[in-house]
Amino acid sequence: TAWKRVKDTTGGSLVIVGEGGERERLESLVGSDDRVYFKGHISEEEKCDLLGRAWFLVHTAAHEGWGLVAMEAAAFKTPTLAFNVLGIRDVVVSGETGILVNTEDELADQWIALARDAKLRETLGNAARIRSQRFGWEANIENFLKVAQEAVARGSEAGSRALRR
């Protein structure tokens, strides 16, 4: 429904990726709008292409586990516009790497604002990319090794104390 409110102002197209129980309902809402594309499941290559070309990711879930797609978008300098829900707010820093909203009215308003402001999209996208790099595999491995080394060191200290007793 937000797309119907913004499309005449923003131009462009809306690409909906993925499958789920809401697809039929969404298709009926869209009707014969030739600027909306339902992609279903896509390859990794197509996902990268779409995220790389997108002005921003619109994530409309009312709940989320962690927001992986928002982090993937960030890696492509693509900011996220989403509802302020657990999982997404762990990934998106509102006003810095994307925009978080609380209502559909705010979503539509911010969608229009982002579509009109290339500089804001660029600023958010650059910050999103920088933030996403903190969550790459190398960073995760380094963080895991630090925690593991601390645990081993504590275990060794506790073992030494027990032997001295």
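Modeller: Let us begin with a pair of strands. S3 pairs with strand S4 (residues 80-83) in the parallel sense through three bridges; strands are DSSP runs of E of at least two residues, helices are runs of H or I of at least four, both numbered from the N terminus, and pairing requires at least two DSSP bridges. The model is predicted, so local features need pLDDT of at least 70 and side-chain atom pairs 80 or more, while totals for chains, interfaces and linings use all residues. Residues are numbered from 1 along each chain as its sequence is written, and side-chain values use heavy atoms, without hydrogens or water.

Colleague: Which residue in S4 is the bridge partner of Val58?

Modeller: The partner is Leu81.

Colleague: Which helix packs on the sheet, touching S3 and S4?

Modeller: That is H4, with contact meaning heavy atoms within 4.5 Å. The direction of H4 makes about 170 degrees with that of S3; axes are lines fitted to C-alpha atoms, for helices over the stretch in contact, and angles run from 0 to 180 degrees between N-to-C directions.

Colleague: What about helix H5?

Modeller: Helix H5 (residues 104-116) packs on the sheet and touches S3, S4 and S5. Its direction makes about 170 degrees with that of S4.

Colleague: In what order do the three strands lie in the open sheet?

Modeller: The order is S3-S4-S5, with parallel pairing. S3 (57-59) and S5 (98-101) are the edge strands, each pairing on one side only.
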